[in-house]
Amino acid sequence: MNKKLKKNVPVLRFPDFSGSWLIKSVSELVTENLIYKPLDGNHGNLHPTSFDYVKSGIPFVMSNDIQNGVINYSKCHYISENLAKSLQKGFSKEGDVLLTHKGTVGEVAIVGKTPFPFIMLTPQVTYYRVKNPQLLSNLYLVSFFTSYNFQKMLKVLAAGGTRPYIGITEQGKLNISIPSVKEQEKIASFLGAIDTRLTQLRRKHELLQTYKRGVMQKLFSQQIRFKGDDGKPFPDWQKKKLGEIASRQVKKNLDESITRVLTNSAVQGVIDQQDYFDKDIANADNLAGYYIIEKGDYVYNPRISTSAPVGPIHKNKIGLGVMSPLYTVFRFKTKEDAFYEQLFKTSVWHKYMCSVANYGARYDRMNITTSDFMALPLPYPISEEQEKIVDFVTAIDQKIQAIAQQIALTEQYKKGLLQKMFV
């Protein structure tokens, strides 16, 4: 076999097969006129920004509706059936392969059975319909689109500009390497089994997280109570203000000796500002007014978001740093604060925050005075019950973490295969 042919053989291959793979362009392998943006150009009142959306109708798939090989119909917008039927050429059907090419580039999915007569796509998604099933399997096409080399080509094409985008013409010129259909089917079946495992793990992870949120809400609102080791109920919970069990930390970085700037992200918690924003936001020459925060301190960020409707409170677990004076830093008077670390992940304290907020301020921030914040009423069960609650929630966290690790390892395994199983 000459050097040129050797290039058309993958590094990792099933032993039943031999011979070089064919190299074909995308435009050679799909039905004519289907690699295009069905709503591209001027369609008058049918432009995608002015569709007649209705709750019952045809799913209108956008790029962010496709993730991890799955079309999330629950997130889709809908278009009326009458309008959909008038644009049938712009719709996908069962077996078509979807590829996002604008905004979120490189997500891939295959259209399965749906209760809908059509699936409509935006200019963010291209659909591919195999021209000759004797030459190309649509399941293999899905696998190839997720392969390392193809995704690398997509990233190169999408680079530049304010938003990633790959034109239809450019997509048609991309090459696909194809073995025999039998080898395609074996590759697709093998990778499909891994995808099924990943789907199961992700679903289990999602269900556990949902379960944890629900049980935490009931635990911290006292809908569920533990009993002592002797079987007797624990005493009623007391209430204490935050200022009674914690103190504000207002020491400033006057000598500017600390240059590590931290931020409090609603999702990620307390992290380095540079990691969060991918660049330093704070002025390194003007950190004297920033609060010093030590490991174990808590931070309240008044910025609101979908995941933190009154702003997040997180514990600093990464070490010494400084925080913007826009944040409130506080420290519990005892080290037994694990109960409150978990409590701040629930919404049981949100009602009070809303009651004292001044909504005449910026719409994206809670405007709460320091005195009102430190007066936040918190439940105060005896230490034994606190420990039982923390142990219970920690056990759930460990299960969630174990599944997350399985997902990461399986994804890494699949990534390695995708680098070696395709030309």
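A residue is called buried when its relative accessible area is under 20%, exposed when over 50%, and partly exposed in between (1.4 Å probe, protein chains only). This is a predicted model, in which local features need pLDDT of at least 70 and side-chain atom pairs count only at pLDDT 80 or more, while totals for chains, interfaces and linings use all residues. Residues are numbered from 1 along each chain as its sequence is written, and side-chain values use heavy atoms, with hydrogens and water left out.

View 1. Val-111 sits in the loop that joins β8 (104–110) to β9 (119–121); strands are DSSP runs of E, at least two residues long, numbered from the N terminus. With a relative accessible area of 3%, Val-111 is buried. Leaving aside residues up to four places away in sequence, its contacts (heavy atoms within 4.5 Å) include Ile-71, Leu-98 and Ile-119. Leu-98 is 13 residues from Val-111 along the chain, and their C-alpha atoms are 7.4 Å apart.

**View 2. A four-stranded open sheet.** The 4 strands run in the order β13-β20-β17-β18, with antiparallel pairing; two strands pair if DSSP finds at least two bridges between them. From one strand to the next the twist averages 30°, taken between lines fitted to C-alpha atoms, with angles from 0 to 180 degrees between N-to-C directions.

**View 3. Pairing of β17 with β20.** Residues 298–300 (β17) and 328–332 (β20) pair in the antiparallel sense over 3 bridges. Tyr-300 has Thr-328 in β20 as its bridge partner.
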